[in-house]
Amino acid sequence: MTVAGSGGAGDAVLFHRSGRAAHITLNRPRTLNSLTHAMVRAMDDALAAWATDPTVETVVITGAGERGLCAGGDIRAIHDDARYGDGSAAAAFWRDEYRLNARIARYPKPYVAIMNGIVMGGGVGVSAHGSVRVVSDASRIAMPETAIGFVSDVGGTYLLARAPGELGTHLGLTGAGIGAADALLCGLADHYVPADSLDALVADLAERSVGESLSRHAGEPGPGELAAQRGWIDACYAAGSVEEIVDRLRSSGEPAAKQAAETLLTRSPTALKVTLAALRRARRLGALEAVLDQEFRVSCAALTTSDLVEGVRAQIIDKDRNPRWSPATLAEVTETDVQRFFAPPGARELGLGGTADDAEPVP
C-alpha cells in the first residue's frame, strides 16, 4: 500500500511497504525530485519509526520519473529567503536536512539508495550516506554548488574529502558530474546494477536479503574517466591555494586540466576558496557529525553574501549563465573573507558533533 507523506509533505514524498522492505519515493518529478523542508521532516519521521519496527528489515529510497533520484534542495526557496527574508527558513531547512543526513549515515538497518539518473547536492545527502549505494549506467552524480556561489554541503565535504588522492577536491571545486565507475572509485557508491535491472532488484528486496538481491543483479560498470586522470588531478589540486591550483592546471599540458581551469574561472571565487578550506578542514575533523556542524556554519554564512543569490539568479531563475560575482576575482578574496564562513554562529550552532572548532585555520 502506498500512502502520502506526512508532516505537510503531501504527495511530494511517498512511503509504502513491500514485504520485508519499506520504501521512500521522492515524488516531485517535474523538479527532478528536489527536496522541500516538509519532505525532509516526513522522511526523518518515517526513518525514526522504521528503525524500531521489527517488520522492516530494509529501507529503499528511489526517485519518481525517468530523470533521476534527486537534483538537490529547493534552491529557489533558499534564494528567496536569502534575498527577501532573514535566512531563518533556509537555516531551519538545513538544520533538519543535515540531521536527516546524519540519521541515514548511522541507520541501524540496511538503507539502499537507488542512485539512478541525476543525483546532485541534497540528492547526494539522502543517498551517499546510506549503507548500500547503487549506481547504474544512467547515473550522473555531482556536487555543483560553486556554480551558484555556494559550497558543498549535506555531508558532501565529508564524502569528497575521503575520495582517493585529490579527486574529491577536483569534484568539489569544479562541480563536475561523474558516472557509475567514477562514483565507485570515489567512494560515493558501492554497487553497480544496470538501469534495466533496477526494478528487478527493488522487487527482490521485498523477499530477499540485500546481499542475496545484489548477487542476482550487480555487475561491473564500463570504464570511468577519473582513474586515468589521477596523475594531473593529484598533482594540481594538492596546491596550497585556488590560485595555484588554477596555475598548475593551466601549465600541466593536459587538455582536460586546462578545461578544468577554465571551469574554475567561471565559478564564484569566494565559493571556491571556502570550498577548498572546508574540504581540507573536513579531513581533520573526522566524524561526519563534526563536518555537518562545519557545513551548517558555512551554509548560514553563505546566506549573507551576494554570490548565492546572484548564482541562483544566473543559473536557475534567469538562466543567462552570466553571474556577476562579488568579489569578481580570486585575488580579491582575502583570508579574512574565507575564515568568516567558519566562525561559530552562536545560538544557531547545529551541535551534532560539537568539534567544528578542532580544525585549525587553513592558510
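Predicted model: local features only at pLDDT ≥ 70, side-chain atom pairs only at ≥ 80, totals over all residues.
**A walk through some strands and helices**

Zoom out a bit and you get an open sheet of three strands, ordered β5-β7-β9, with parallel pairing. At the edges you'll find β5, residues 68-70, and β9, residues 140-142, and each of those pairs on one side only. On average, neighbouring strands here are turned by 15° against each other, if you ignore direction. In case you're new to this: strands of a sheet pair through backbone hydrogen bonds, and they can do it parallel or antiparallel.

Next up, strand β8. Is it covered on one face or both? Both: in β8, residues 132-135, Val132 and Val134 are buried on one side, and Arg133 and Val135 are buried on the other. As for partners, β8 pairs with strand β6, residues 111-115, in the parallel sense over four bridges. One example there is valine 112, whose bridge partner in β8 is valine 132. β8 also pairs with strand β10, residues 191-192, again parallel, this time over two bridges. In that pairing, valine 135 stands opposite tyrosine 192 of β10.

Now let's look at a single side chain in a helix. Methionine 43 belongs to helix α1, residues 37-51. Why do we call methionine 43 buried? Because its relative accessibility is 0%, and the cut-off for buried is under 20%. And what does methionine 43 touch, leaving out residues up to four places away in sequence? The list is Val13, Phe15, Ile24, Leu26, Leu35, Ile61, Leu100 and Val126. For a sense of distance, methionine 43 and alanine 189 are 146 residues apart in sequence, and their C-alphas are 21 Å apart in space.

The axes of α6, residues 167-174, and α13, residues 269-285, come within 9 Å and cross at roughly 150°. Angles over 145 degrees count as roughly antiparallel, so that's what α6 is to α13. The crossing itself is right-handed. On the α6 side, the contact is made by Gly168, Thr169, Gly172 and Leu173, and α13 brings Leu272, Thr275, Leu276, Leu279 and Arg283. Sorted by class, that contact has four nonpolar, four polar and one charged residues.

That's my tour, thanks!

Methods: Residues numbered from 1 in each chain as written. Heavy atoms only, no water. Buried < 20%, exposed > 50% of the residue type's maximum accessible area, 1.4 Å probe, protein only. Pairing = 2+ DSSP bridges. Contact = heavy atoms within 4.5 Å. Axes fitted to C-alpha atoms, helices over the stretch in contact; angles between N-to-C directions. Parallel < 35°, antiparallel > 145°, perpendicular 65-115°, else oblique. Left-handed = near helix turned anticlockwise from the far one by under 90°. Nonpolar A, V, L, I, M, F, W, Y, C, P; charged D, E, K, R; others polar.
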